[in-house]
Amino acid sequence: MSNSEAVLARMREYMVGPTRFMNLYACFELGIVDALRKEAGLTAAELGALVGAKPDAVEQLLYLLEKERFVARDAATGGYTLDRLAEVPEADLQRALTFMGMIKTGMLRQLYYLADSVTTGSVVGLKEFYGFDGTMFEAAAQVAEVRAAWGPLARNETASVYPWFFRSFDIPAGARVLDVLGGTGLGAVMTCQLKGSPGLRVTTFDRPALEAECLRTFEAHGLTDDCSFVGGQVLESLPEGYDVLLLKHFVDMYDKDDVLTILRNAHRALLPGGRIVVLAAVYPEDIGDAGDYQADFFPAYILGCVMGRGGLQTVSTYRSWLEECGFEVTEVSAKEPAEIPADAIINRVVISATRRS
């Protein structure tokens with residue numbers, strides 16, 4: 001195959017991507033897979049009666065799943081059974097389906113306007129579908145459908161990522177910690193629960209509109225004496241006098257100039273010798289790494305659905321930016337390959353750096 005033919009063949013993979021995705025997900029949405037899990041050997045007519053669809057349409061949808069050997073069809077009886085899907089543990093399958101649900105509701109429509117989002121630097125899809133001018137994070141606080149798309153995924157991410165994140169670094173006893181863009185205070189609560197020590201104090205910094213909900217979170221966990229809230233804008237300034245700053249999940253949502261502004265603000269917020277801890281998804285140093293899916297997913301996700309700007313960087317880029325802003329990187333931690341599910345798209349690292357004078 002010539003180079004030209006290889007390129008065209010590869011482009012064909014992109015052409016069938018959206019249809020392949022929705023065909024598979026529709027089989028779950030309709031309840032076809034659940035029906036086969038409960039009773040093997042059902043025909044297209046029986047499945048159609050159960051899920052409220054014509055047998056011919058059910059048969060059409062299942063061709064792809066047969067091709068992938070997710071299901072099998074008995075040629076003699078016409079009955080379907082789960083094939084490779086039957087081997088997937090329920091918890092793993094639900095994790096993958098939660099992510100797929102977010103893609104359908106939170107991404108597919110908005111991505112129609114990806115080029116417009118890139119040229120305007122805003123999430124145009126949110127304006128077109130919800131009349132909302134802002135970021136996905138802001139929309140989730142006001143638009144029920146956006147919140148429903150992202151909420152379950154956020155809860156899954158918290159459960160799977162935060163325990164590893166907090167194992168990746170130490171916090172000195174009695175330290176003052178600032179959780180930057182800490183949202184509704186869950187990160188501060190987990191800091192107290194997983195890194196607690198006598199005198200430890202954790203402050204959540206985020207938009208002033210989140211203060212009431214954040215304080216309710218602290219009260220619900222009995223941490224009103226240990227946690228506090230400060231409102232502000234991360235690109236303007238951060239409160240000062242802290243030993244540790246946590247930057248979780250958001251540095252990749254900003255362009256280079258804004259990241260440098262945030263890091264300079266962080267430098268001023270820390271006491272001499274203080275530490276910054278960054279949790280971020282990253283590109284591999286070799287972008288051609290065939291086993292990495294970051295470049296497949298994140299540019300469209302961040303630019304077209306979340307922020308309208310920003311994007312992932314390599315570890316070496318973050319290291320150079322931290323050094324430029326007065327930090328010395330002391331450690332970079334990543335999950336062990338065995339801890340990463342086979343369906344995972346996101347590759348995160350924890351970067352720890354110390355404030356130079």
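**A loop residue to begin with**

Reply: Arginine 69 sits in the loop between helix 5 (55-67) and strand 1 (71-73). Helices (H or I, at least four residues) and strands (E, at least two) are DSSP runs, numbered from the N terminus. This is a predicted model, in which local features need pLDDT of at least 70 and side-chain atom pairs count only at pLDDT 80 or more, while totals for chains, interfaces and linings use all residues. Residues are numbered from 1 along each chain as its sequence is written, and side-chain values use heavy atoms, with hydrogens and water left out.

Me: What is phi of arginine 69 near?

Reply: Phi there is near 60°, a positive value in a residue other than glycine. Most residues other than glycine have a negative phi.

Me: And is arginine 69 buried, exposed or partly exposed?

Reply: Arginine 69 is partly exposed, since its relative accessible area is 44%. Buried means under 20% relative accessible area, exposed over 50%, and partly exposed in between (1.4 Å probe, protein chains only).

Me: What about histidine 249, where does that one lie?

Reply: Histidine 249 is in the loop between strand 6 and helix 13. Its phi is near 70°, again a positive value in a residue other than glycine. With 27% relative accessibility, histidine 249 counts as partly exposed.

Me: Let's zoom out. How many helices and strands does the protein chain have?

Reply: The protein chain has 15 helices and 10 strands. Its C-alpha trace spans about 75 × 55 × 45 Å along the principal axes. Of the 357 residues, 45% count as buried.

Me: Back to strand 6: how many of its residues are buried?

Reply: Six of the seven residues in strand 6 (residues 242-248) are buried, so to speak mostly covered.

Me: Which way does strand 6 pair with strand 3, parallel or antiparallel?

Reply: Strand 3 (residues 176-180) and strand 6 pair in the parallel sense, over four bridges. Two strands pair if DSSP finds at least two bridges between them. Valine 177 has valine 244 of strand 6 as its bridge partner. Strand 6 also runs parallel to strand 7 (residues 270-283), joined by six bridges, and there valine 244 is partnered with arginine 275.

Me: Now helices. At what angle do helix 13 and helix 15 cross?

Reply: The axes of helix 13 (residues 256-269) and helix 15 (residues 315-324) cross at roughly 50° and come within 9 Å. That makes helix 13 oblique to helix 15. Axes are lines fitted to C-alpha atoms, for helices over the stretch in contact, and angles run from 0 to 180 degrees between N-to-C directions. Angles under 35 degrees count as roughly parallel, over 145 as roughly antiparallel, 65 to 115 as roughly perpendicular and the rest as oblique.

Me: Which residues meet there?

Reply: Lys256, Val259, Leu260, Leu263 and Arg264 in helix 13 meet Trp321, Leu322 and Glu324 in helix 15. That contact (heavy atoms within 4.5 Å) has five nonpolar, no polar and three charged residues. Here Ala, Val, Leu, Ile, Met, Phe, Trp, Tyr, Cys and Pro count as nonpolar, Asp, Glu, Lys and Arg as charged, and the others, Gly among them, as polar.

Me: One last thing: which residues does asparagine 23 touch?

Reply: Leaving aside neighbours within four places in sequence, asparagine 23 is in contact with Leu61, Leu64 and Leu65. Asparagine 23 belongs to helix 2 (residues 17-29) and counts as buried, at 18% relative accessibility.
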